[in-house]
Structure formats: C-alpha cells, structure tokens
Amino acid sequence: PYPSSKTTTIPRAHLELENFKSYAGIQRIGPFRSFTSIIGPNGAGKSNLMDAISFVLGVQSRDLRSSEMRDLIFCPSGTGPNSTKLSARATLFYIHEDEKGYEDGSVTRFGRAIAHDGKGEYLVNDCVVPFPNTKKFWVQLVC
C-alpha cells in the first residue's frame with residue numbers, strides 16, 4: 001500500500017496471462033505502477049508482454065504480429081495448432097485507489113479470451129461483455 005502520485009496516468013495493475021503467445025500456463029506479471037519501457041534480453045518476451053496489454057485493450061490480432069486470433073495461443077511442442085484443448089486468456093487487474101492514492105481493496109478485471117477455434121470474447125470481472133462496454137468501463141476508471 002504505497003501512495004501514488006496524482007500525476008500518474010497509468011493505473012496500478014498487474015497482468016495474468018494463460019497460454020498467451022510465448023507465456024505457457026498461467027503467468028502473473030507486475031505490478032505495474034508507472035512505466036515507460038520494458039527491458040530484458042532478446043527472447044525474454046518483452047514484445048509479447050506489450051502485445052498482451054494491447055490485446056486486452058482491444059487491439060486486433062493483425063496489429064499484434066499475428067495473422068489470426070488462434071496464432072496468439074501458446075502451442076506446446078507435440079500439439080497441433082488445431083487442437084481443441086488450446087485456448088488463451090489475458091487479464092488486466094486494475095487495482096482501485098482511494099482519493100489519497102492508497103489501494104482501497106477493490107479490483108476490476110478486464111480480460112480477453114481466445115477459444116481453440118480462434119473466436120474471442122471480452123470480459124469484465126469474468127462476465128462476457130461486448131467490446132464497446134469494456135471501453136465504457138475504462139473511461140469511468142481513468143477519467
């Protein structure tokens with residue numbers, strides 16, 4: 001529970017990725033407070049992390065260096081890309097703060113999931129919602 005600067009425009013959050021691109025299984029990344037770059041060695045997943053954030057925010061797969069949604073699903077060796085067991089999910093956990101900048105204990109979860117057939121859905125607090133509704137939630141939280 002650290003106070004945050006009121007000039008911070010990036011919400012306090014962390015990501016949970018499940019079988020997204022190079023991230024196998026469930027991976028928790030963060031917390032993010034305010035950042036301007038991600039550094040690390042080649043092949044560490046920096047671009048895939050930024051792709052995950054963009055994916056949750058509604059960026060299309062063609063803009064995430066993939067030709068179709070199913071390409072975003074981690075595919076372990078020995079598993080065909082058309083396996084019915086494959087799916088992926090990226091969830092951004094927005095941690096609410098009080099007027100003084102301290103965490104108030106509440107969290108809103110923004111997610112996006114991809115089924116084995118490449119069909120996707122947007123989620124807010126684990127409920128499926130149309131994409132325009134997720135944008136409304138973001139506007140309410142950060143404005």
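**Exercise 1.** Is Phe55 buried or exposed?

Solution. Keep in mind that this is a predicted model. Buried means under 20% relative accessible area. Phe55 has 0% relative accessibility, so Phe55 counts as buried.

**Exercise 2.** Work out how the aromatic rings pair up, and classify each pair.

Solution. 
- Step 1: Ring centres have to lie within 6.5 Å for a pair. By this rule there are two aromatic pairs.
- Step 2: Take Phe20 and Phe55, whose centres are 5.2 Å apart with 40° between the planes. Planes under 30 degrees apart count as stacked and those over 60 as edge-to-face, so this pair falls into the remaining class, tilted.
- Step 3: Now place the two rings on the chain. Phe20 sits in strand β1 (residues 13–20) and Phe55 in helix α1 (residues 46–56), so the pair links parts of the chain that are 35 residues apart.
- Step 4: Check the cover on Phe20. Its relative accessible area is 0%, so Phe20 is buried.
- Step 5: Move to Tyr122 and Phe131. Their centres are 4.8 Å apart and the planes meet at 40°, so this pair is tilted.
- Step 6: Tyr122, at 13% relative accessible area, is buried, whereas Phe131, at 26%, is partly exposed.

**Exercise 3.** Which residues touch the most other members of the largest nonpolar core, and which element gives the largest share?

Solution. 
- Step 1: The core holds 27 residues, and Leu15, Leu17, Ile29, Phe55, Leu72 and Ile114 touch the most other members.
- Step 2: At least two residues each come from β1, β2 (23–32), α1, β3, β4 (103–114) and β5 (120–124). The largest share is that of α1, with five residues.
- Step 3: Zoom in on Ile114. Beyond its neighbours within four places in sequence, Ile114 has contacts that include Phe55, Met69, Leu72 and Ile73.

Conventions:
Residues are numbered from 1 along each chain as its sequence is written. This is a predicted model: local features need pLDDT of at least 70, side-chain atom pairs count only at pLDDT 80 or more; totals for chains, interfaces and linings use all residues. Side-chain values use heavy atoms; hydrogens and water are left out. Rings of Phe, Tyr and Trp (its six-membered ring) pair if their centres lie within 6.5 Å; planes under 30 degrees apart count as stacked, over 60 as edge-to-face and the rest as tilted. Helices (H or I, at least four residues) and strands (E, at least two) are DSSP runs, numbered from the N terminus. Buried means under 20% relative accessible area, exposed over 50%, partly exposed in between (1.4 Å probe, protein chains only). A nonpolar core is a set of buried Ala, Val, Leu, Ile, Met, Phe, Trp, Tyr and Cys residues joined through side-chain atoms within 4.5 Å. Contact means heavy atoms within 4.5 Å.
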